[in-house]
Amino acid sequence: MFSLLKNATYRNLFLAQVIALLGTGFATIALGLLAFELAEENAGLILGTALSIKMIAYVFLSPIGTSLIRHLPRKKALIALDVIRAGVALILPFVSEVWHIFVLIFLLQATSACFTPLFQATLPDVLPDEEQYTKALSLSRLAYDLENILSPSLAALILLFTSWHSLFLGTTVGFIFSALLVLQASLPVAESNAGAPQRRFLDKVTRGIRFYLATPRLKGLLAMNIAVTAAGAMVFINTVVIVQGELGLSEQTTATTMISFGCGSMFAAFATPWLLKRLSERTIMLMAATMLVAGLIITSTIETLKGIMIIWCVLGAGYSFIQTPSGRLLNRSAHKEDKPDLFAAQFSLSHGCWLIAYPLAGYLGATYGIAVTFQIFAGIALASILLALLVWPKESTAEMEHSHDDLPPEHPHLKDKHKTHTHTYVIDDLHHHWPK
C-alpha cells in the first residue's frame, strides 16, 4: 500500500491531505476554546450552531461551488481554495463577536465544500489503475482516522507551551503547506469546455446529483451512506453519554473508547484492498452494513466498558468497509470531465444524511433513552440494507446494450448508424436513464 508514495504526484497530494487534516483538527479544538472565551456557559450553543453551518455549507454549497469551478485548471483552483482557507484561519483568533465566528466558519466550510470533491475527483486521474486507486482510498481512510487521534494529542502538547491562539496559526500553516504541495504536483488538465453545450445555471448545479440518482450502484451507495450515518451518529453523539453518564467513568475513558472505533476503522482500511480482489464492492458494503446493524442491536444490551469497546471496534470496521470503496463506485460511474460533479453529489448527499442523523441521535437519546435509540438506529440501518438490495442489482459486466431512439442516425455517437449498440455504460448527456 505504501509503495504508492513512490509516485511523486500522489505523494504530494497525500501529504497535502494529511497536513490539511491536522490543521483542520487544530481548528476544531481551537474553535471550542474560542467559543468558551466569548460566551462561556453558551459555548455549546455556539459550537452547535457552527457545526450546523458546516453541514449546511457541505450539503448545499458543494454542488454549486463545483459547478462554478469544474472547468478551471485543477491545480490553480485547489491552491486558491487552500489560500482562502488559510486566510480565514488566520483571522479567527482576532474575532470579538459571536457573529464573526459564524461568518468565518461559513466561509471556511464553503471553501472546503469545493476543495474536497475536486481533490477526490483528481485522485483517480492521477492513479488510473484501479488497484492503485483502491490502495489510495485506503490510505485516505487511514489519514482521516489518524487525524482523529493525532490532532488532539498534538494540540494538547502545543497548549503546554503556548495559548490556544497558536492552534489557529497551526491551521493556517497546514493549509499553506497543503497549497505548496499541490503546487509541486503534476495534476491532469481538466477537460476543455470548448464546444460543450451551454447549460442553465440550475442544470449545472443539479447535474451531478441527477447523474448520481440515475445510476443504480450510486443509489445503493446512498443507501449505504444512511447505514454509515446511523452507526456513526450514535458513536459520535452518544459515546460520552454512555461512558460518562451511564457508566460514570472519566473523560479519558471516553477518549479511549473513541480510539477503539478508530482502530476498527483502520483495520478495515488495511483489509479493504485485499477483500476487493475477492469480493465486489456491493458484497463488502452489504456485509459491512449487516455488521453495523448487529453492532447497534448488541450495544442496546451491553452494560460494560469492555463490551462497548469491542462493539465500537466492530462498528468502526463496518463504517470503514463502506466508506473506503465508495470512491471506486464514483470513479466507475462517470467520464473524466463529469467526475467533479459526481464526487460533489456524493459529498453533498452523504453530509445531508449526517445533517439528519446527528440531531436525531441526540434528540431520541435524550427523549427515549440510549438503549431504545440504538434499536431505532439499528432499524434505520436495516432499512438501508433492504433499500440497497432493491435499487442496486448485481452487476455482471460494465458493458450494456441500449438504444438511442432520440438520436439521428448520423449522430457521431452511433457507430455504423445503428441506434442499438453496446459499450461501457455511464449516465451522461447522451445517456439519461439506466437500461432495463
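This is a predicted model: local features need pLDDT of at least 70, side-chain atom pairs count only at pLDDT 80 or more; totals for chains, interfaces and linings use all residues.

Let's begin at Thr215, which sits in the loop between helix 7 (201-213) and helix 8 (216-246). Its relative accessibility is 2%, so Thr215 counts as buried, the cut-off for that being under 20%. Beyond its neighbours within four places in sequence, Thr215 is in contact with Ser333, Ile427 and Trp434.

Moving on into helix 8, we find Asn225. Asn225 also has a relative accessibility of 2% and therefore counts as buried. The side chain of Asn225 has a polar partner in the side chain of Gln346, at 3.2 Å. Setting aside neighbours within four places in sequence, the contacts of Asn225 include Tyr212, Gln323, Ser350 and Cys353.

Next comes helix 11, residues 305-323. With 19 residues at 1.5 Å a residue, helix 11 should span 27 Å, and its end C-alpha atoms are 26 Å apart, which agrees. Among the buried residues of helix 11 are Ile308, Ile311, Trp312, Leu315, Tyr319 and Phe321.

Finally, look at how two helices pack. Such a pair is described by the angle between the axes and the distance between them. The axes of helix 10 (residues 281-299) and helix 14 (residues 370-391) come within 8 Å and cross at roughly 160 degrees. Angles over 145 degrees count as roughly antiparallel, so helix 10 and helix 14 are roughly antiparallel to each other. Their crossing is left-handed. Residues of helix 10 that take part include Leu286, Ala289, Val293 and Ile297, and those they meet in helix 14 include Phe374, Phe377, Ala381 and Ile385.

Terms used
Residues are numbered from 1 along each chain as its sequence is written. Side-chain values use heavy atoms; hydrogens and water are left out. Helices (H or I, at least four residues) and strands (E, at least two) are DSSP runs, numbered from the N terminus. Buried means under 20% relative accessible area, exposed over 50%, partly exposed in between (1.4 Å probe, protein chains only). Contact means heavy atoms within 4.5 Å. The expected span of a helix is 1.5 Å times one less than its number of residues. A polar contact is a pair of N or O atoms within 3.5 Å; within protein, one must be able to donate a hydrogen and the other to accept it, and residues adjacent in sequence count only if both atoms are side-chain atoms. Axes are lines fitted to C-alpha atoms, for helices over the stretch in contact, and angles run from 0 to 180 degrees between N-to-C directions. Angles under 35 degrees count as roughly parallel, over 145 as roughly antiparallel, 65 to 115 as roughly perpendicular and the rest as oblique. A crossing is left-handed if the near helix is turned anticlockwise from the far one by less than a right angle, and right-handed if clockwise.
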